[in-house]
Amino acid sequence: MKMDAVRAVTVAPTAAVAPRRRFKPAVKCFSPGSGHFSFIKDVAVANPPEHLNNLLKVLEMKGGTIVSPGCKSGLIPLAIPLSENQSGAITALLRWPTAPAGMELPVVEVRKHGVWLLAKNVDQFIHRILVEEDANNSDESGAVLYGASSVAGQKLYKRGDFVESQLANLDTYLLKKVGLFPDVLERKVMRHFETGDQVSALITGEFYTKKDLFPGFGRPFVFNAEIMMRVGRTSEAKDSARIALKSPWWTLGCAYEEAAKLAQWEDEQIEYIKERVTEEGRQEDLKKGKAIAQIALDEAAFLLDLASVDGTWDDYLDRIADCYKEAGLEEMARFLLYRD
């Protein structure tokens with residue numbers, strides 16, 4: 001069985017918890033803040049977020065260890081590591097392969113099979129952290145973290161605003177005042193189920209999949225498939241999961257096998273993609289008149305999908321970089337290959 005549609009590298013404007021990879025960098029060649037700024041500008045060739053240093057200070061104040069952006073061994077190569085928390089989770093920025101001009105770098109958590117979107121940009125993530133700290137912690141600890149956020153904190157959030165808002169709960173405040181977050185929307189759906197409001201749960205799940213909310217990410221469709229399966233809508237669950245699998249597999253928020261089971265597919269999709277990245281697959285695309293650069297971009301995307309199945313990123317790295325070189329994206333190739 002072939003895929004319903006062949007996609008190239010997905011660009012953004014494209015919860016069951018997947019296992020987390022513990023990552024202990026041995027070498028730190030960049031100093032916190034200035035090192036990340038120069039890495040993003042010179043190596044990743046992207047625009048460094050204005051308040052990146054503020055985010056690093058906040059993450060460190062929350063008990064995280066700042067990680068060199070070049071310590072990427074074993075991680076999805078599109079990630080720019082920022083910090084590692086006490087449970088071993090890596091917070092990073094995501095460098096989309098072919099992002100449109102002006103797009104900000106999303107904040108993600110790095111997982112074995114890919115990434116989980118934490119926030120659409122650095123400011124949104126700082127804002128969320130400050131609200132959560134204000135709502136859940138003592139005045140003293142909140143003041144310390146707010147101080148670490150410096151000018152960014154003063155710009156993004158006024159301490160005490162959560163209480164003054166008199167909104168029902170923290171998640172409601174986040175969605176109304178800060179932004180949309182995958183984990184918050186998923187919790188909202190599950191709360192509707194817990195209170196017996198199945199209609200609201202399904203409406204929120206469908207809203208989650210709107211294409212302009214989290215473009216490029218397959219996670220919303222996987223989650224929607226899960227809730228459709230929960231209410232016995234097997235056919236709709238299958239369709240939603242198949243839509244998810246047209247997105248990069250490293251954006252599913254779960255292992256490929258979980259999404260494939262919902263889609264009622266076995267290994268045929270993996271086998272199909274393996275065929276597409278052979279010389280025979282390339283020649284077939286050339287006969288169809290596809291441009292060599294597009295063929296190379298498609299192959300890079302397919303290889304990232306295959307790497308995500310087992311989280312074996314480094315095994316595919318050189319070949320993925322070669323694809324980007326062939327497509328004329330030399331800077332992207334150098335970024336993927338860079339290691340401290």
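**Burial, ring pairs and backbone angles in a predicted model**

Tutor: The protein chain has 16 helices and five strands, where helices (H or I, at least four residues) and strands (E, at least two) are DSSP runs numbered from the N terminus. The model is predicted, so local features need pLDDT of at least 70 and side-chain atom pairs count only at pLDDT 80 or more, while totals for chains, interfaces and linings use all residues. Residues are numbered from 1 along each chain as its sequence is written, and side-chain values use heavy atoms, with hydrogens and water left out.

Student: Why is threonine 91 called buried?

Tutor: Buried means under 20% relative accessible area, exposed over 50%, and partly exposed in between (1.4 Å probe, protein chains only). Threonine 91 has a relative accessible area of 12%, so the residue is buried. Threonine 91 belongs to strand 3 (residues 90–94). Leaving aside neighbours within four places in sequence, its contacts (heavy atoms within 4.5 Å) include Leu59, Val107 and Phe125.

Student: How do you know that alanine 260 counts as buried?

Tutor: The relative accessibility of alanine 260 is 2%, and therefore this residue counts as buried. Alanine 260 is placed in helix 11 (residues 256–262). Not counting residues up to four places away in sequence, alanine 260 touches Leu245, Trp265 and Glu266.

Student: What share of the protein chain counts as buried?

Tutor: Of its 340 residues, 55% count as buried.

Student: What makes the pair of phenylalanine 39 and tyrosine 338 edge-to-face?

Tutor: Rings of Phe, Tyr and Trp (its six-membered ring) pair if their centres lie within 6.5 Å; planes under 30 degrees apart count as stacked, over 60 as edge-to-face and the rest as tilted. The count by this rule comes to nine aromatic pairs. For phenylalanine 39 and tyrosine 338, the ring centres are 5.5 Å apart and the planes stand at 75°, so the pair is edge-to-face. The pair links distant parts of the chain, with phenylalanine 39 in helix 1 and tyrosine 338 in the segment after helix 16 (330–337), 299 residues apart. Phenylalanine 39 is buried at a relative accessible area of 0%, whereas tyrosine 338, at 29%, counts as partly exposed.

Student: How do you know that tyrosine 208 and phenylalanine 223 form an edge-to-face pair?

Tutor: Their distance is 5.8 Å centre to centre and the angle between the planes is 65°, values that make this aromatic pair edge-to-face. Tyrosine 208 is in helix 8 (residues 198–208) and phenylalanine 223 in helix 9 (residues 219–230). Tyrosine 208 is buried, with a relative accessible area of 1%; phenylalanine 223 is buried as well, at 2%.

Student: What makes lysine 72 a charge over the ring of phenylalanine 335?

Tutor: A charge sits over a ring if NZ of Lys or CZ of Arg is within 6 Å of the ring centre and within 35 degrees of the ring normal. Lysine 72 lies over the face of phenylalanine 335, at 3.8 Å from the ring centre. Phe335 is itself linked by ring pairs with Phe39 and Tyr338 into a cluster.

Student: Why is glutamine 166 called exposed?

Tutor: Glutamine 166 has a relative accessible area of 73%, so this residue is exposed. Glutamine 166 is found in the loop between helix 5 (161–165) and helix 6 (170–178). Its phi is near 60°, a positive value in a residue other than glycine. Most residues other than glycine have a negative phi.
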